[in-house]
Amino acid sequence: FYSPRKNSHDNETLTTAFDCYKPYLSIIKTQSLIVLSCITSMLLQHKRAFIVFCVVFTLLLYQNGRKQPSFNVSRFLSEKHHYRVSFAVIGDWGAKPDMNMNQTQVANAMLLVQQRFPAPSKFVVSVGDHFYDHGILSADDARWRVGFENVYHRSLSPWYVVYGNHDMRGSIQAQIEYAKLSSAKRWISPATFYYKDFVIDSAQNTATELLFRIIFIDSNNLLCNHDEFDTLGALEKYECDEMFYNRPMDMIKAHGENVTLSLAKQIQAYNFGISRTQQLQWLNDTVSAAERNPDI
């Protein structure tokens, strides 16, 4: 694990997670001193052994006191490694008018990393909650423009998406339909669950392309849409209620006059159209196919 830090030359560096354990080192050193004092008292009775011990202990202190080398990102990424794939992951960024300032700050930070990082992301994975508070109802919703297209730079493309509980409060079909309209194919969503094979960059001249498979699952249907729903715990049922699962009247309350009872039922029939059993069978087949493919 690494954490970002800047040195005196303002170059981006990374330090190892060793720094996270520094608070514990004082405890370890205290215990070591206690043991050391006991050893010293015994060795004082044997002068030659005590001298050898002091020399060895001094060398250990010197080695331990040497500065931990920093990990330079730029140098690491400029080296010829065998294989590499670079992408960004974001979630809970949902477009909402009164949260636009926060969303813009995150988008600017993503662009800054994209521009300065030696290995920029080739795509973005969005893990859900694209529109707060209750999703969207149409592929023509104005929030596509003010909350997505005009916020995230086009170099951060394409976006491969799955859906969160806030998205499920609206029409998932509308978000999938937008994928067909999205300019430059920025929004990729062929279904609520799918997979995509990406080509891995290679520093070697290989005749066969190696692929990196990402499996995008519909965790909402996995959680709620099955015959064992009544056996779920209170927290799990609460999460399903948050998605308006089998609660069309909640969708009407959330969207007001824009949604009739008939439309609410139609939206929910699509949102929860795939059972857990069907998706798990697909997942098993998809993983098995990848395992049989030597290029993945």
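Analyst: Let's start with a term: buried means under 20% relative accessible area, exposed means over 50%, and partly exposed lies in between (1.4 Å probe, protein chains only). Buried residues make up 34% of the 296 residues in the protein. This is a predicted model, in which local features need pLDDT of at least 70, side-chain atom pairs count only at pLDDT 80 or more, and totals for chains, interfaces and linings use all residues. Residues are numbered from 1 along each chain as its sequence is written, and side-chain values use heavy atoms, with hydrogens and water left out.

User: How many helices and strands does the protein have?

Analyst: There are 12 helices and 11 strands. Helices (H or I, at least four residues) and strands (E, at least two) are DSSP runs, numbered from the N terminus.

User: What makes H166 count as buried?

Analyst: Its relative accessibility is 14%, and the cut-off is under 20%, so H166 counts as buried. H166 belongs to helix α6 (residues 165-168). Leaving out residues up to four places away in sequence, H166 touches D129, F131, Y132, D133, H134 and G135; a contact here means heavy atoms within 4.5 Å.

User: How do you know that the span of α12 agrees with its 17 residues?

Analyst: The expected span of a helix is 1.5 Å times one less than its number of residues. For α12 (residues 276-292) that gives 24 Å, and the end C-alpha atoms are 24 Å apart, so the two agree. Among its residues, Q279, T286 and A290 are buried. They cover an arc of only 35° around the axis, which puts them on the same side of α12; the arc is that of the directions from the helix axis to the C-beta atoms. T277, E291 and R292, on the other side of α12, are exposed.

User: Which elements do the buried residues of α12 pack against?

Analyst: They pack against β9 (194-199), β11 (211-216) and α8 (219-224).

User: What makes a set of residues a nonpolar core?

Analyst: The members are buried Ala, Val, Leu, Ile, Met, Phe, Trp, Tyr and Cys residues joined through side-chain atoms within 4.5 Å. In this protein the largest such core has 32 residues, and I90, W93, W144, F148, Y152, W159 and W187 have the most contacts inside it. Helix α7 gives the most to this core, with five residues. W159 touches residues including I90, W93, F148, Y152 and W187. Apart from that core lies another, of eight residues, among them F123, V125, Y160 and F198.

User: Why are β5 and β8 called edge strands?

Analyst: The open sheet has four strands in the order β5-β6-β7-β8, with parallel pairing. β5 and β8 (187-188) each pair on one side only, and they are the edge strands.

User: How do you know that β5 and β6 pair?

Analyst: Two strands pair if DSSP finds at least two bridges between them. β5 and β6 (residues 124-126) have three bridges, in the parallel sense, so they pass that limit. In one of these, A88 has V124 of β6 as its bridge partner.
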